[in-house]
Each structure stands twice: as C-alpha cells, then as structure tokens.
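Let's take a friendly walk through a protein fold. Have a look at the chain below first, then read on.

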Amino acid sequence: MDETVAEFFRRTILKIPITEMMAVLKAWDFLSENHLQTVNFRQRKESLVQDLVLLCEEKRASLNDAALLDIIYTQFHRHQKVWDVFQMSRRPGEDIDLFDMEQFKSSFKKILQRALKNVTVSFRDTEENAVWIRIAWGTQYRKPNQYKPVYVVYYSQTPYAFVASSLLKSNLPLLGQALTVASKHHQIVKMDLRSRYLDSLKAIVFKQYNQTFETHNSTTPLQERSLGLDINIVDSRIIHENRVEKERIQRVTQEIFGDYPQPRLEFAQYKLETKFKSDLNGGILAEREEPLRCLVKFSSPHLLEALKSLAPAGIADAPLSPLLTCIPNKGMNYFKIRDK
C-alpha cells in the first residue's frame, strides 16, 4: 500500500467518530473480528487510527477498499451532504428492458473511464435495490482527488438518481450520460428539489411519504388526532363558533397534509418575476420594461411540519396557499412564479 492510499485511509478513519468506529468498521467488513479484537479502541484517536492503518497495510488494502470505507462513512452521515434529485426519461413507446445491476455498474464505469483517463469509481450495493456510487474526479493531467468525491445513489428500475457534493459543471454532462446510458434511459434533467435528508427526497419522488412515515391508526376519530391542538378539552367559556372554527381548521389541515409525519425539508424558495401594473398614469415604474424580481425563502429545521402547524396554532388562515402545500406532490422546493 503506497503512501497516497495510506494517507487516504488515515484521513477517512480519522473523521469517523469514536462512538461509531466499531459499527462503521463492521459494516465495512474488511478487517476480521480477530483483527478488530487486537485493537485498543480506548486509546487516543491518533494512536487508534495509526493501528488501524497498519492493519490495512498488513492486509494489503487497495484504493477501492478505502473508497468503500468512505462510502460507508458517508451513508452513516448522509444528512451532512446536500442532495440534488435528477430525473431520467425514456423515449415515447420505448420498451423497458430487464435490469441487471452488475451490467449497470460495468457500463457506468466504462463510460466515465473512456471519457476521462483519471477517474476512480466505486460501488456499494444497499437494500431496496439501490447502489451507492462514489466518483473521484481527475483531469487528463491530474490524478483523481479522493477528498472531493461525488456521491450518487441510484435505485434500480427507477428514473431517479440522487447526487451529492460539489459537482463541477464541466463533469455534469458526463455524469448524466453515464447514468442515462447505464440505466437504459434517454434523457436526464435536474429537478427543482434539494435537501440534506436523502430519505425524505426518496419518499417524495417515489410518493411513499404517506406509507413509509405512517405512524398512527387512521381509524382514530378526527377529534383524537393531534395537530398541535386538543379540541376534546374545551373551556366552557369558548363560544360555539370558536369550537366549530377549530374543528374546521383541524379538518382542513388533516385533508391537506394527511395524518402521517411529513418528509423532512429545510427550505422552500420562491422567485417572483412580474410586470408593474397600475391604473394610475405615469409613475416612476410605469415605463419599466424589466420585470420586478424578488426572492422569498421559507426555512426551518423541518419545514413541512412547521407549515402543517401554522393554521392550528392560529398563525395563518386555513387552508394555506397551494404554493406552500404542493411541495411534496409536485416534488419541488424551488419555484419560479411569473405572470401568465
């Protein structure tokens, strides 16, 4: 194992928290149980890392082994990445061929390596017929940079791929070509959907959020369902109209958002472009040719749950604007609003 690979191992192991070290190494499954028992996991981290690197050297670990360890670490910390969603499509009437994951991986790797001399591609199969892909990009004259890779998660026989990290614009067409050809699609576009929460993005595009995140019994009477209010305990001084309005708000909120926890997104962004309109003659903006532009961004650690609680909390009227409630159905959290 040369110094470059050893340093890659050292830096990868160093970023793994001590509390997760054993779990990550077992998931990696490169070092045996006997090897791990020889390591003192209670020593200083620098010494622990050095011991583990020496074990990797003894086992003649390769660059691909180090890349696989990095993939596993990233899977444990997937929320530290920002994920973009890409959607692929086939030609109208095109038949769907039988999918073979090994063929997909072979084709994907060949396309990248034929187009770019210095690139390393590593794969890790996961549950639900998904494959994690790690790509370290180089150039015709520089070796791949192992410390700024791109991660791709592709679910077999679907048109969706999830891409994380700072992908250079110059490499985006090549990545898109590799994905479309290997998965036997024709075209690929970037969706207006982004989040740190990969599982929530997956739930949105696969329309699984009303199943995957289901947590309560739908046969429970509406009055017993919690949306931040308890309408069973009503002060006798509250007038009947108030109670009816609270019940209406709860019913409307439940109809829009459902009974299940919402997929987790951190923001929704709205870009507005509109021409100035006025019945008054003259004015400083009357002759303006350029549209007026503004940007509105809603952010929260859990945006959709925050939106769901607005009306029951009395902060907003019910129902909320469709621009806010359509996010999961449209699979978007970037919007452009223009004059019709």
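In what order do the six strands of the open sheet lie? They go β2-β3-β4-β5-β1-β6, and their pairing is antiparallel. Strands here are DSSP runs of E with at least two residues, while helices are runs of H or I with at least four, each numbered from the N terminus. Two strands pair if DSSP finds at least two bridges between them. At the edges sit β2 and β6, each pairing on one side only. On average, neighbouring strands are turned by 25° against each other, with direction ignored.

Before going further, a word on where this comes from: the model is predicted, so local features need pLDDT of at least 70 and side-chain atom pairs need 80 or more, while totals for chains, interfaces and linings use all residues. Residues are numbered from 1 along each chain as its sequence is written, and side-chain values use heavy atoms, leaving out hydrogens and water.

Here are some of the pieces:

| β2 | 119-126 |
| β6 | 187-195 |

Phe86 stands opposite Ala161 in β5. Helix α7 (residues 172-182) lies across β1, β3, β4, β5 and β6, at about 110° to β6. That angle is between N-to-C directions, on a scale from 0 to 180 degrees, with axes fitted to C-alpha atoms (for helices, over the stretch in contact); contact means heavy atoms within 4.5 Å.

Zooming out, the protein chain has 13 helices and nine strands.
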